[in-house]
Amino acid sequence: MAGSTAYTVFWIYQATPEWRRLSEETRARARQEFIGALEHAGDASVRGVYSTVGFRPDADLIIWSYAQDADALQRFAVQLRQTTLGGLLTQTQAYLGIAGGSQYDPSHGPAFMKGIPPRRYLSVYPFTKTPDWFLLPFEERRRLMRVHGELGQEYPTILTNTVNSFGIQDQEFIVALEDDDPGVLVEMVQRLRGAEVRRYTQVDTPIYLGRLLAPDEALCQLG
């Protein structure tokens, strides 16, 4: 997929109380049905399935998917929803964006498009700049982003995945950071708070942290 463009989406779910009222036998069958739907995603691909249990009170599961067109992602979403488990999950967020090269550095693109395997932890959140940012001259924006990028390079284990959502969602970007140690994510984001470009941030919450797991393990954590 290197050098191409792709749509990507982060579906964030919360299990309904009705799910936990089912018998264990029924839940086991429902988990296997859902896993079958994940394994037969059609023209979509799954980057990872993440448990958020214990990290936020309003989320239990993240599914990160990508495809060459938005239709494939929507078909996949419908397929998941039509399963027994899918009908007992509330989708609290659906972050959709288009992945490609950065306008400030075309060589810098999302890690998932380069074939790099996912890390154990995913931090994903919406991101919107202030109006003043877009009124700055392009060269000044590129300079500020270059400094921002240089600070980020101090943390080489972190994979960055920033995609565009202009005009198709409330936010302008989706930021997805991956690392095997969430402590490193904390260090980098804290370090980046000192970059001048930070003054042009308008929205960068809510933040969802997920642990990459095998699908059956992530689904078992739903209860």
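Biologist: Why do α2 and α3 count as roughly antiparallel to each other?

Modeller: Angles under 35 degrees count as roughly parallel, over 145 as roughly antiparallel, 65 to 115 as roughly perpendicular, and the rest as oblique. Helix α2 covers residues 24–39 and helix α3 covers residues 70–81, with their axes 9 Å apart. The two are therefore roughly antiparallel to each other, given that they pack at an angle of about 170°.

Biologist: What kind of model is this?

Modeller: Residues are numbered from 1 along each chain as its sequence is written, and side-chain values use heavy atoms, with hydrogens and water left out. Local features need pLDDT of at least 70, side-chain atom pairs count only at pLDDT 80 or more, and totals for chains, interfaces and linings use all residues, the model being predicted.

Biologist: How many residues in the contact of α2 with α3 are nonpolar?

Modeller: Ala, Val, Leu, Ile, Met, Phe, Trp, Tyr, Cys and Pro count as nonpolar, Asp, Glu, Lys and Arg as charged, and the others, Gly among them, as polar. By class, the contact of α2 with α3 has 1 polar residue and no charged residues. The number of nonpolar residues there is 5.

Biologist: At what angle do helix α5 and helix α6 pack?

Modeller: Axes are lines fitted to C-alpha atoms, for helices over the stretch in contact, and angles run from 0 to 180 degrees between N-to-C directions. Helix α5 (residues 138–152) and helix α6 (residues 182–192) have axes 9 Å apart, and their angle makes α5 roughly antiparallel to α6. That angle is about 150°.

Biologist: Which residues of α6 make the contact with α5?

Modeller: On the α5 side, the contact is made by H148, L151 and G152. By class, the contact of α5 with α6 has 3 nonpolar, 2 polar and 1 charged residues. The α6 residues are M188, R191 and L192.

Biologist: What separates E139 and R142 in helix α5?

Modeller: A salt bridge is a side-chain nitrogen of Lys or Arg within 4 Å of a carboxyl oxygen of Asp or Glu. The side chains of E139 and R142 meet in one, at 2.6 Å from N to O. They are 3 residues apart in α5, so their separation is about one helical turn.

Biologist: How many residues apart in sequence are the parts tied together by R75 and D43?

Modeller: R75 forms a salt bridge with D43, their closest N and O atoms being 3.4 Å apart. R75 is partly exposed at 48% relative accessible area, whereas D43 is exposed at 58%. R75 lies in helix α3 and D43 in the loop between α2 and β2 (45–51), so the distance along the sequence is 32 residues.

Biologist: Where does P206 lie?

Modeller: Most peptide bonds are trans. The bond from T205 to P206, however, is cis, with omega near 5°. P206 lies in the loop between β8 (201–203) and β9.

Biologist: Which residues does L213 touch, not counting residues up to four places away in sequence?

Modeller: L213 is found in strand β9, and it is buried, with a relative accessible area of 14%. The C-alpha atoms of L213 and Y121, 92 residues apart along the chain, are separated by 9.5 Å. With those sequence neighbours left out, L213 touches V49, S51, A218 and Q221.

Methods: Helices (H or I, at least four residues) and strands (E, at least two) are DSSP runs, numbered from the N terminus. Contact means heavy atoms within 4.5 Å. Buried means under 20% relative accessible area, exposed over 50%, partly exposed in between (1.4 Å probe, protein chains only).
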